[in-house]
Amino acid sequence: HNFIVNLTCTTPDQWGPEVAGIHPFENFILSSISFFRSGRPYTSPSNPKVINGARTPGEYNTNVKLTRVFSNFFGLEATLYLEVFNLFDNKILNYDYIFAAPSANKTNALAAAYEQYPIDDPNHGILYWPLNAQPQLNWGVDQSFLIYDNSPRSFNLGFTLDF
């Protein structure tokens, strides 16, 4: 199940209070896109006879963009914008990595670890390269790029000129 919401709010020319001959709240555009998905099915290692009998967690994400258009910026139209991706810093699990379908001769160890322990459990959680697998190394690698399917919250600030 997917639910997608796309909202946009704009302010017209000369909107809002006037301060020193300028309307500071005119020509703004605030847009947002959000999605909500129900959990996807997977086959639980604890009950492999029930194909796709378990569900992953629901997935949520919101991106927003705030834009201010300047119609006369030294004779040109200019736009200043701020984008925020993954506004609420939600984490979406990588379905293909964690919940891959088990084969007839192999169970899905990652899904079993997901069901039994917290993801960030240092001894039993889902790790791409477990730190205890190579004890001679004294460093670890952030494996979240494999565990999660989306990026953490990020920001873009930009300015454009239309010639």
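The side chain of N94 reaches the backbone nitrogen of D96 at 3.2 Å, and a polar atom of the N94 side chain also lies 3.2 Å from the backbone nitrogen of Y97. A polar contact is here a pair of N or O atoms within 3.5 Å, where within protein one atom must be able to donate a hydrogen and the other to accept it, and residues adjacent in sequence count only if both atoms are side-chain atoms. The model is predicted: local features need pLDDT of at least 70, side-chain atom pairs count only at pLDDT 80 or more, and totals for chains, interfaces and linings use all residues. Residues are numbered from 1 along each chain as its sequence is written, and side-chain values use heavy atoms, with hydrogens and water left out.

N94 is found in the loop between β6 (76-85) and α1 (95-98). With a relative accessible area of 14%, N94 is buried (buried means under 20% relative accessible area, exposed over 50%, partly exposed in between; 1.4 Å probe, protein chains only). Not counting residues up to four places away in sequence, N94 touches F99, L146, I147, Y148 and D149, contact being defined as heavy atoms within 4.5 Å.

The protein has 3 helices and 7 strands, taken as DSSP runs numbered from the N terminus (helices H or I, at least four residues; strands E, at least two). From the N terminus on, the order of the elements is β-β-β-β-β-β-α-α-α-β.

Strand β6 pairs with β5 (residues 59-73) in the antiparallel sense over 8 bridges; two strands pair if DSSP finds at least two bridges between them. A78 in β6 is the bridge partner of F70. The hairpin of β5 and β6 has 2 residues between the strands, and F74 takes a positive phi near 55° in this hairpin. Strand β6 is also joined to β7 by 9 bridges, and these two strands run antiparallel. L157 in β7 is the bridge partner of L82.

G158 is placed in strand β7 (residues 154-162) and counts as buried because its relative accessibility is 10%. Leaving aside neighbours within four places in sequence, G158 is in contact with T79, L80 and Y81. The C-alpha atoms of G158 and L80 are 5.8 Å apart, while the two residues are 78 residues apart in sequence.

Of the 163 residues of the protein, 26% count as buried. Among contacts with a separation of 6 or more, 57% are accounted for by residues 24 or more positions apart. The accessible surface comes to about 11400 Å², of which 58% belongs to carbon and sulfur atoms; accessible areas come from the Shrake-Rupley method with a 1.4 Å probe, and for residues only the protein chains shown count as cover.
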